[in-house]
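Take a walk through this model, one element at a time. Keep the sequence beside the coordinates as you read.

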Amino acid sequence: MKIAFRLLAVSLAVALCLLSACTHQSENHGGQTGDDDDDTSPPDDDAVSDDDHAPDDDTSADDDVTPDDDTTPDDDTTPDDDTVDDDTTTAGTAWDDMRHAEADVADANFSTALVYYRDALAKLEDGDPGNDGPVVPGDLDRCRYAQALMLLTLPLRIADGFLSGIITGDDLEQMMLDALGVDDPSALPTDLITVYLLEIVLPLMDASIAELDAVDTSGDFAYRLPQIKIMLFGHAFRIPRETVDDLGEHDLAERALLSSVFHFARGLLRIIAANNIDTGAPNIDTWLHILESGDLTELFHLMDEFPEFLSVRQADQPPYIDGPALLAGAQADMIAALDALDDGDADADDLLGALRLETDDQTDDIIRWVNGNMSFNVEMDGQSIESPLLSLLTLALVNLPDAWRADLRNSLTGDDPLDVSWLIRLLLPNYAPVDAQVGVDLAAMFVNTPGLRYQMPLWDWDVGNPNFMPLVVDQTESFIDNNGNGKWDPGIDTLVDAAHDFDGQSHAADGAYEPDYFYFPDPTFGGMFIFGGGLAGLDPNDALNRIISGILVALEMGVRP
């Protein structure tokens, strides 16, 4: 369970870092820190980090030894001794910004590349051809795609730094203070993370998704970018692995995948913002402790201390955040993320549709389409990420029957539950009746849920099981191992069945081996799980525990002869 929570912690770390990365876009550029001006001396005295997007106001002679990359005419107050000054007719244009951005991608300076792409995009969209430069058709869409791609790299690198200890909790909190324009930490709201998400992060993602959606998918969009070299979570990645002239092709397939990732991420962030995650203090120390330790028990303490913690916000209650509206937006995002992978038509506006229309050489494509299957041209630690398991997963995605995709989408929209009975019977043959029916209504997660706290098993600090943190787990059932193999074999071993009682809930012995029995305030999770067939006559808590027990025994957990 701690491993799973650690993954959630990484996701929240990324969320906390998203705009911090974007408002602190000063990476090393040409050997400098916090400033991408290539002055080598004297220090640049700009009041804020100089990103060469306004005239250079150095007060002493500029002794650049490399070309001057000011994007507007150089107005140094003393003679400029640049050996080559590149302030020409294209200086300050979108074309010029794109060339700078591409050079920064090659140097792994993704934050400065993002700044240049955003400036280029603004110039191409302002209706003034005078500041466009010698751009070519498609450059507007290339900027739309590239700025979203650069934005994606930033929180990943920040999260990597945080989890590896390079970036501290104090660093993160200072980033958030700066982003919100707050000098005094005591002046912060106690629901700091929610404010940060709603006022800064989500609007940023809204803008990026709008730009990605605006890319023309009816044409031949392609952008050949320098190979992306990035260190993440202790691994060195090169994207793509195989290049042509050190460049990789990003086309409509990559655009669709990036769109899916952004919609999915925004959906998760909306779910977080919809729930009350106020820790009662004007800082993020509690959440940072949880992220650093992966200790889920802290959440139970907070739920005990704050009765509304992890419940859905209501628009008519302070701080007047419309939680249901945010969840509706999250639902729409999950549907859009699925459609971006495959919307069922033959157009190039989704990943599989774009791949199936590929006709060019695939050598430098990141997502390749070869012999009717998808593969990834990505290197990790000097080796291709391709593996038998990944090949199997991509083969399953490509060949997934259209009916199954439609069923998954219908479950998200609430039109029809997704039937997973076959999967339950396949994986848990000794626990699910042969006629068990299990449906999953994914829409209920967004429509009916009263909050994340109500989807947790019951906990109690006095009688909770130490092996499951404070969760109440009844472990009174066992079996007589008649064949001596140490495993539960229905029809061979003798079940020592037991009733399960806790906190007013009573569940009689039901003839099934349930070594770890959990109690849920709502075992259907607001109607998300629908039990029928051989499970219809059971109490929903019993039905859910049949499935949980089967999974635990399959994982060789909780088996007690």
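**A strand residue, then the helices**

Beyond its neighbours within four places in sequence, Ser478 is in contact with Thr494, Leu495, Val496, Tyr513, Arg560 and Pro561; contact means heavy atoms within 4.5 Å. Ser478 belongs to strand 13 (residues 478-480). Its relative accessibility is 18%, so Ser478 counts as buried. Buried means under 20% relative accessible area, exposed means over 50%, and partly exposed lies in between, with a 1.4 Å probe and protein chains only.

This is a predicted model, in which local features need pLDDT of at least 70 and side-chain atom pairs count only at pLDDT 80 or more, while totals for chains, interfaces and linings use all residues. Residues are numbered from 1 along each chain as its sequence is written, and side-chain values use heavy atoms, with hydrogens and water left out.

Now the whole chain. The protein chain has 16 helices and 18 strands. These are DSSP runs numbered from the N terminus: helices are H or I with at least four residues, strands are E with at least two. Of the 561 residues in the protein chain, 49% are buried. Take the contacts between residues at least 6 apart in sequence: 62% of them join residues at least 24 apart.

Start with helix 2 (residues 94-106). Helix 2 has 13 residues and reaches 19 Å from its first C-alpha to its last, close to the 18 Å expected at 1.5 Å a residue. The expected span is 1.5 Å times one less than the number of residues. Which residues of helix 2 are buried? They are Ala94, Asp96, Asp97, Met98, His100, Ala101, Glu102, Asp104 and Val105. Their cover includes helix 3 (110-125), helix 4 (139-163), strand 1 (222-226) and strand 2 (228-232). After helix 2 comes Ala108, with a positive phi near 65°.

Helix 4 is next. At 1.5 Å a residue, its 25 residues should span 36 Å, and its end C-alpha atoms are 37 Å apart, which agrees. Helix 4 is mostly covered, with 20 of its 25 residues buried. Gly165 follows helix 4, and its phi is positive, near 90°.

Helix 4 also packs against helix 7 (residues 252-274). The angle is about 50°, and the axes are 11 Å apart. Axes are lines fitted to C-alpha atoms, for helices over the stretch in contact, and angles run from 0 to 180 degrees between N-to-C directions. That angle makes helix 4 oblique to helix 7. Angles under 35 degrees count as roughly parallel, over 145 as roughly antiparallel, 65 to 115 as roughly perpendicular, and the rest as oblique. Who meets whom? Tyr145, Ala148, Leu149, Leu151 and Leu152 in helix 4 meet Glu254, Arg255, Leu258, Val261 and Phe262 in helix 7. The residues of this contact divide into 8 nonpolar, no polar and 2 charged. Ala, Val, Leu, Ile, Met, Phe, Trp, Tyr, Cys and Pro count as nonpolar, Asp, Glu, Lys and Arg as charged, and the others, Gly among them, as polar.

Helix 5 (residues 169-180) has 12 residues. It reaches 17 Å from its first C-alpha to its last, close to the 16 Å expected at 1.5 Å a residue. Buried here are Gly169, Leu172, Glu173, Met175, Met176 and Leu177. Gly181 follows helix 5 with a positive phi, near 70°.

Finish at Ala403, in helix 13 (residues 402-413). At 47% relative accessibility, Ala403 counts as partly exposed. Ala403 and Gly344 are 59 residues apart in sequence, and 9.8 Å apart in space, C-alpha to C-alpha.
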